[in-house]
Structure formats: structure tokens, C-alpha cells
Amino acid sequence: MTGTVTRKVDTKDEQQTIDIIPILCWSLSLSQEINNSELHLERRNNDIYSVTAKENYVKLILKRDTG
């Protein structure tokens, strides 16, 4: 049987995290960079502002034999 786990990692920490995965008896199944942007309106006092929230990270899917 195989177990999997997903982790969000800062892009600057990707390689360091990948390097320690085998030490913890896991193997890397997928590494995918995620870039999300969300546009929404915010009210501040009596003014309305258009705000863009950005998110950038690396999604790592790890697997290991649970047996």
C-alpha cells in the first residue's frame, strides 16, 4: 500500500525540501509551481479599491510505501 501527502512550499525552499525528502523515506511524485491571482473589491473608509491578491508556491506530492 502507498501513502501520499501534499505540501505547499515556498518557491525559494523547493530544492532544499526536495533534497530532504529521501532522508524522510518519501519519494517525490509531483512538483508543480502554482501561480494564483484573485481580484476583489475592498472598502476602506468611504472608498472602494480594486485589490489583486497573488499567491505563488510549489505544490509537492510525496509518496511512500506504508508497508
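Where does isoleucine 23 have its place? The place of isoleucine 23 is the loop between helix H1 (14-20) and strand E2 (27-44); point 4 returns to this residue.

1. Basis. This is a predicted model, in which local features need pLDDT of at least 70 and side-chain atom pairs count only at pLDDT 80 or more, while totals for chains, interfaces and linings use all residues. Residues are numbered from 1 along each chain as its sequence is written, and side-chain values use heavy atoms, with hydrogens and water left out.

2. Fold and dimensions. Helices (H or I, at least four residues) and strands (E, at least two) are DSSP runs, numbered from the N terminus. The radius of gyration of the chain is 18 Å, whereas a compact globule of 67 residues would be near 11 Å; the value is taken over C-alpha atoms, and the globule rule is 2.2 Å times the number of residues to the power 0.38. The C-alpha trace spans about 60 × 25 × 15 Å along its principal axes. Of the contacts in the chain with a separation of 6 or more, 61% are between residues 24 or more positions apart (contact means heavy atoms within 4.5 Å).

3. Core. Buried residues make up 15% of the 67 residues (buried is under 20% relative accessible area, exposed over 50%, partly exposed in between, with a 1.4 Å probe and protein chains only). The largest nonpolar core has six residues: Val5, Val9, Ile21, Val58, Leu60 and Leu62. Strand E1 (2-9) and strand E3 (47-65) each supply at least two residues of this core, and the largest share, three residues, comes from E3. A nonpolar core is a set of buried Ala, Val, Leu, Ile, Met, Phe, Trp, Tyr and Cys residues joined through side-chain atoms within 4.5 Å.

4. Surface. The chain exposes about 5,400 Å², of which carbon and sulfur atoms supply 47%; areas come from the Shrake-Rupley method with a 1.4 Å probe, and for residues only the protein chains shown count as cover. Ile20, Ile23 and Leu24 form a nonpolar surface patch with about 310 Å² of accessible area together. Patches are made of residues with over 30% relative accessible area and no salt bridge, with like charges joined within 9 Å and nonpolar side chains (Val, Leu, Ile, Met, Phe, Trp, Tyr) within 5 Å. Isoleucine 23 counts as exposed because its relative accessibility is 64%.

5. Salt bridges. The whole structure has three salt bridges (a side-chain nitrogen of Lys or Arg within 4 Å of a carboxyl oxygen of Asp or Glu). One of them joins lysine 8 and glutamate 55, with the closest N and O atoms 3.1 Å apart. This pair links distant parts of the chain, since lysine 8 is in strand E1 and glutamate 55 in strand E3, 47 residues apart. Lysine 8 is exposed at 56%; glutamate 55 is partly exposed at 35%. Lysine 12 pairs with aspartate 13 at 3.6 Å, and arginine 44 with glutamate 42 at 3.1 Å.

6. Alanine 53. This residue lies in strand E3 and is partly exposed, with a relative accessible area of 33%. Leaving aside neighbours within four places in sequence, alanine 53 is in contact with Asn36, Ser37, Glu38 and His40.
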